[in-house]
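Visitor: I should like to learn how to read the features of a structure such as this one. May we begin with a sheet and proceed from there?

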Amino acid sequence: MAPRKSAKKPNVSADELKAYYRDMLLIRRFEEKAGQLYGMGLIGGFCHLYIGQEAVVVGLEAAAEEGDKRITSYRDHGHMLACGMDPNGVMAELTGREGGYSKGKGGSMHMFSKEKHFYGGHGIVAAQVPLGAGLAFADKYKGNDRVTFTYFGDGAANQGQVYEAYNMAELWNLPVVFVIENNQYAMGTSTKRSTHSPSYWERGAAYGIKGEEVDGMDVLAVKAAGQKAVEVCRAGEGPYILEIKTYRYRGHSMSDPAKYRTREEVQKMRDERDPIEAVRSMLLTGKHASEEDLKAIDKEIKDIVNESAEFAKTSPEPAVEELWTDIYATEVPQEA
Amino acid sequence: MAVEILMPALSPTMEEGTLAKWLVKEGDTVSSGDIMAEIETDKATMEFEAVDEGTIGKILIEEGTEGVKVNTAIAVLLEDGESADDIDTAAAKPASAPVPADREQSSETAPAAGMSHPEPEVDTSPDWPDGTTLKQQTVREALRDGMAEEMRRDDSVFLMGEEVAEYQGAYKISQGMLDEFGSKRVIDTPITEHGFAGMGVGAAFGGLRPIVEFMTFNFAMQAIDQIINSAAKTLYMSGGQMGAPMVFRGPNGAAARVGAQHSQDYAAWYMQVPGLKVAMPYSASDYKGLMKTAIRDPNPVIFLENEILYGRSFDVPELDDYTVPFGKARIWREGEDVTIVSFGIGMSYAFAAADKLAEDGISAEVIDLRTLRPMDTGAILKSVMKTNRCVTVEEGWPQGSVGNYISSVIMQEAFDYLDAPVINCTGKDVPMPYAANLEKLALVTTDEVIEAVKQVTYK
């Protein structure tokens, strides 16, 4: 299959652009704050930050409709904020408190929201890929036209179960968008050191799945590609693969010294390709927003993030009785 | 106001570190994301980035300092309009780091020493009312009837697995189901256990009630991550928001002459996992009644079947909606001298042994656990309090066996009632051999059960 070019950039209104700027900035500031709270010992264990990749989830959420589902790996804070989950609940889960989305029992890697159709938050690399195909299976079985966004990284893309899921998803025409967030490093192993076929989306061709590569530092390009993928799935012609080229500025997790790449490489991406700066400059040069407008957004975000940190620090630890709850359901949790 | 920059924790286990190098000096301005210092943790050298913007007012810890505790102030950051003269380190506001206090130890599970053990309350009601019409049915037919009845009752129930549809089931369990329910609800999968088990779990998250058939549970090892990490743990990890109401089923344990990779009994493995329920029935009525309960259960259920039992016939009640509750053992035979506890195919040895023992004047009470999680330990304890002796029987391996767990429960809850140590009759501690004579030796035998009973009854 010949590689396809990304779909043409859509016309976008000033309000939409501002919303993308705001949503991406929320993720970045939230993650910076999470890093800070980790440093203070308020967040424990593993904590994988999404800084640099914000345009991926914000662009795809712009292509989603109410009722569409999403599922991802352990680098999940950005996905949760982008689909509208409450920053307080996310941050309080990071600190392991009662006010967290999982009452403090899940942590950074395991959060869910039935209300927002966010199905986790999974800690085993690539396990979410068959799960996402299964969510899409359920929608097809029920005969609705919902689409599931199944996110995974370039590292997960080498796991066998991804291809088991591809095979069945195409066999049964499931409405699932497989989103490969290619940030070029699986923990400390670059794509060059892990595969000789680094065009991940093209692997779908072996199963008859269409797809394309997308510039993940450009939120409008991501949105356009997302709309196309969703359209294919809603037309009953899914699945579809989007390989989104992105970059994480921070280490794999908080305890990653990041010696596998140079400081200059990271700095160059930040200086030249930053997705938030790109929208900021579009807003300013296109005179869609003034410096003051953007400052007001910055201030709003800062307040939201500070409030989430305050909530996460002051929400109590879960009651000791919670140790013994939610092991078995007494009735089937109803779908939202 | 001036803000103290604190020594960060940069790994899950870091308590202190070395401030290896400062990359900024007093008077430098920094903004979010700038690297300020290199810090050596217990694992690696890490770069430490600024979070807030401002000017480095004062460096409090010189580079090269070792053993700097986490949350020690290492520098002071000035905000716009402040100067170094404003610094009063005592007054600089440390970002507080209230480290949560250790969780209180729950004493709920610690048994008190010297506690007297009252006889447990046990549900001994019959599985069906007296006078119910019974018919002879094979395990295979009863299992299919159980699934089909639930599929008629609930549209969200579907069956998926290898060869379940057009082939009518590798062991003919799903005979006729494709014809009745169609290919939307009886689904042949490619040979891809890991993938279809994960898809089943995803479909359950999405509101369906999947029955996932493994051609044998030996193949479920390809999928065990999805069973344990995705199906069993999600309800807990989501704080009760979502879980996987579904059934994983298929033959388990040794069949006949299929060698080491097709002959493992997984009862003890799955029984260990909180979040799973585990059924391992013996009789046809239990296959049917427990399968119906399993499909309705809002949790993931491991349903362990046995290929040798598929063709055996038993009495099955002719009732419109016959279900068997989880966690209720069946006492097949009452006795006075010893309690034999088993489940699944193990019941065959228990019955054979009890018959022979009766000839020798030893009266054995025979208990079929039916479900291993929840386990009706009350029924075992009540029986042991009467017989004062217990032998467990299973085909699985000895170390970490189901019998080991039962022994520990009896020891902790009914120690004073025991007149002899509990003996666990298990399969041998070897991979299953192919040769007919060796295979027989590798499994538990009726003679071993008889021998164990004689040992505990000192006969």
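Guide: Please bear in mind that this is a predicted model. In general, strands of a sheet pair through backbone hydrogen bonds, either parallel or antiparallel. Here, chain B holds an open sheet of seven strands with mixed pairing, in the order S11-S10-S12-S13-S15-S14-S20.

Visitor: Which strands of chain B stand at the edges of this sheet, each with a single partner strand?

Guide: They are strand S11 (186-188) and strand S20 (371-373) of chain B; each has a single partner strand, so one side of each is left without a neighbour in the sheet. On average, and with direction ignored, neighbouring strands of this sheet are turned by 20° against each other.

Visitor: In which sense do strands S14 and S15 of chain B pair?

Guide: Strand S14 (residues 277-279) and strand S15 (residues 300-305) of chain B form a parallel pair over three bridges. Within this pairing, B:Lys277 stands opposite B:Val301 in S15(B).

Visitor: Which strands does helix H7 of chain B lie across?

Guide: Helix H7 (residues 284-296) of chain B lies across strands S10 (157-161), S12 (209-213), S13 (246-251), S14, S15 and S20 of chain B. Its direction is at about 160° to S15(B).

Visitor: How many of the five residues of strand S7 of chain B are buried?

Guide: A residue counts as buried if 20 or more other C-beta atoms lie within 10 Å of its own. For strand S7 (residues 65-69) of chain B the number buried is zero, so this strand lies largely in the open. S7(B) pairs with strand S2 (residues 16-22) of chain B in the antiparallel sense, over three bridges. There, B:Gly17 stands opposite B:Val68.

Visitor: Let us turn to a helix. What span should helix H10 of chain B have?

Guide: At 1.5 Å a residue, the 13 residues of H10(B) (residues 402-414) should span 18 Å, and the end C-alpha atoms are 18 Å apart, which agrees.

Visitor: Which residues of H10(B) are buried, and which exposed residues does the face turned away from them carry?

Guide: The buried residues are B:Val402, B:Gly403, B:Ile406, B:Ile410, B:Glu413 and B:Ala414. They cover an arc of only 110° around the axis, which puts them on the same side of H10(B). The face turned away from this buried side carries the exposed residues B:Ser408, B:Met411 and B:Gln412. Among the elements that cover the buried residues of H10(B) are helix H9 (377-387), strand S18 (338-342) and S20 of chain B.

Visitor: Is A:Glu31 buried or exposed?

Guide: A:Glu31 has 25 other C-beta atoms within 10 Å and is therefore buried. This residue lies in helix H1 (residues 14-39) of chain A. Apart from its neighbours within four places in sequence, A:Glu31 is in contact with A:Leu49, A:Tyr50, A:Ile51 and A:His77. By contrast with that setting, A:Ala205 counts as partly exposed, with 15 C-beta neighbours inside 10 Å. A:Ala205 is found in the loop between helix H7 (191-194) and strand S7 (210-215) of chain A.

Visitor: How many residues of chain A are in contact with chain B?

Guide: There are 55 residues of chain A in contact with 56 residues of chain B. The elements that give two or more residues to the side of chain A that touches chain B are H1, helix H5 (128-142) and helix H6 (160-171) of chain A. H5(A) gives the most, with ten residues. By class, this side of chain A has 27 nonpolar, 17 polar and eleven charged residues.

Visitor: Which peptide bonds and phi values deserve a second look?

Guide: Most residues other than glycine have a negative phi, and most peptide bonds are trans. In this model, the peptide bond from A:Gly238 to A:Pro239 is cis, with omega near 0°. A:Pro239 lies in the loop between helix H8 (219-234) and strand S8 (240-245) of chain A. The peptide bond from B:Arg373 to B:Pro374 is also cis, with omega near 0°, and B:Pro374 is in the loop between S20 and H9 of chain B.

Visitor: What is the phi of B:Glu163, and what is that of B:Arg257?

Guide: B:Glu163 has a positive phi, near 65°, and B:Arg257 has a positive phi near 60°. B:Glu163 is in the loop between S10 and helix H2 (177-181) of chain B, while B:Arg257 lies in the loop between S13 and H6 of chain B. B:Glu163 is partly exposed, with 17 other C-beta atoms within 10 Å; B:Arg257 is partly exposed with 13.

Conventions: Residues are numbered from 1 along each chain as its sequence is written. Chains are lettered from A and ligands numbered from 1 in the order in which they are written. This is a predicted model: local features need pLDDT of at least 70, side-chain atom pairs count only at pLDDT 80 or more; totals for chains, interfaces and linings use all residues. Two strands pair if DSSP finds at least two bridges between them. Helices (H or I, at least four residues) and strands (E, at least two) are DSSP runs, numbered from the N terminus. Axes are lines fitted to C-alpha atoms, for helices over the stretch in contact, and angles run from 0 to 180 degrees between N-to-C directions. Two residues are in contact if their C-beta atoms, placed from the backbone, lie within 7 Å. A residue is buried if 20 or more other C-beta atoms lie within 10 Å of its own, exposed if 12 or fewer, and partly exposed in between; C-beta atoms are placed from the backbone. Ala, Val, Leu, Ile, Met, Phe, Trp, Tyr, Cys and Pro count as nonpolar, Asp, Glu, Lys and Arg as charged, and the others, Gly among them, as polar. The expected span of a helix is 1.5 Å times one less than its number of residues. The arc is that of the directions from the helix axis to the C-beta atoms.
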